[in-house]
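Please walk through the side-chain contacts of this chain, from the charged pairs to the aromatic rings and the nonpolar cores.

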Amino acid sequence: MRFVGLCCQQSEVIQVGGVSVQVVRLLAEGACAQVLLVRSSATSETFALKRILCQSQEVESDVQMELQVFRFYFLVPYFERGSLWDAIDAACQSSSPLWPFTQRTALHLFHGICSGVLALHRAGFCHRDIKPHNILLSSSSSGEDFLAYIPVVTDFGSCAPIRVEVRSRRNSLDLQDEANRKSSAPYRAPELFEPTVDVALDGQSDVWSLGCVL
């Protein structure tokens with residue numbers, strides 16, 4: 001799976017696992033990927049399509065891990081409400097009475113996030129970059145009641161196997177470098193800043209990040 005130097009063109013048609021989708025617009029772009037809003041040619045449903053820009057062997061290796069998590073293509077539902085971070089930022093900017101969250105709202109959202117992380121752990125993966133930016137919000141309600149929102153954990157480019165043994169100093173430095181590239185420092189577990197030799201990294205890293213989110 002290699003896309004190098006691709007640009008986003010409106011009306012571009014892409015085949016994804018036998019599904020034909022048309023590009024509507026660019027939603028976001030990073031150093032290694034684009035997220036496109038696309039529409040199914042058959043049903044007119046909208047989706048978010050993650051297009052990877054594999055510009056190095058290192059990035060290509062990261063993509064293979066993310067593919068294991070998705071177990072399919074990077075075509076996912078489009079959540080027009082955006083992320084938890086977007087919701088918090090909008091509420092702050094507008095001086096909304098919805099912010100700060102009530103304890104009931106915070107616990108409702110946090111319970112949903114924990115459920116998503118638990119499912120990921122049971123599948124054999126640790127996320128390693130849990131933060132409000134990587135929590136999308138789904139809701140069947142058209143209102144602003146956060147109790148009707150369902151948080152969805154996303155962005156699995158940072159994922160690693162649920163248990164990783166740190167076997168040497170070289171191994172520790174490699175894991176530290178990987179964490180620097182993939183995990184946001186304010187939410188990063190202490191053991192990822194300088195992994196200790198002969199100690200295993202596991203799902204506890206996500207537990208620390210969950211605490212930071214709460």
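A salt bridge is counted here when a side-chain nitrogen of Lys or Arg lies within 4 Å of a carboxyl oxygen of Asp or Glu. The structure holds seven of them. This is a predicted model, in which local features need pLDDT of at least 70 and side-chain atom pairs count only at pLDDT 80 or more, while totals for chains, interfaces and linings use all residues. Residues are numbered from 1 along each chain as its sequence is written, and side-chain values use heavy atoms, with hydrogens and water left out.

One of the salt bridges joins E178 to R128, with the closest N and O atoms 3.4 Å apart. This pair links distant parts of the chain, since E178 belongs to helix α4 (residues 169-182) and R128 to the loop between β6 (125-126) and β7 (135-138), 50 residues apart. Helices (H or I, at least four residues) and strands (E, at least two) are DSSP runs, numbered from the N terminus. For burial, the relative accessible area decides: under 20% is buried, over 50% is exposed and anything in between is partly exposed (1.4 Å probe, protein chains only). R128 has a relative accessibility of 8% and therefore counts as buried, whereas E178, at 21%, counts as partly exposed. R128, E178 and K182 are linked in a network of salt bridges.

Helix α4 also holds both D177 and R181, four residues apart, about one turn of the helix. These two form a salt bridge with the closest N and O atoms at 3.8 Å. D177 is partly exposed at 39%, and R181 is partly exposed at 38%. Another salt bridge is that of R163 and E165, with an N to O distance of 3.1 Å. Here R163 counts as exposed because its relative accessibility is 52%, while E165, at 31%, is partly exposed.

What about the aromatic rings? Rings of Phe, Tyr and Trp (its six-membered ring) pair if their centres lie within 6.5 Å; planes under 30 degrees apart count as stacked, over 60 as edge-to-face and the rest as tilted. The count comes to two aromatic pairs. In one, the rings of F101 and F146 have centres 4.8 Å apart and planes at 55°, so the pair is tilted. F101 sits in the loop between α2 (84-93) and α3 (103-122) and F146 in the loop between β7 and β8 (150-153), so the pair ties together parts that are 45 residues apart in sequence. Both F101 and F146 are buried. F146 also pairs with Y149, again tilted, at 4.8 Å centre to centre and 50° between the planes. Y149 is buried as well.

A nonpolar core is a set of buried Ala, Val, Leu, Ile, Met, Phe, Trp, Tyr and Cys residues joined through side-chain atoms within 4.5 Å. The largest one has 21 residues, and those with the most contacts inside it are L84, L109, I113, F146 and V153. The elements giving two or more residues to this core are α2, α3, β7 and α6 (204-213), and α3 gives the most, with five. Taking contact as heavy atoms within 4.5 Å, L84 touches F101, L109, I113, P132, I135 and L137, not counting residues up to four places away in sequence. A second, separate core of eight residues includes V21, V23, L36 and L49.
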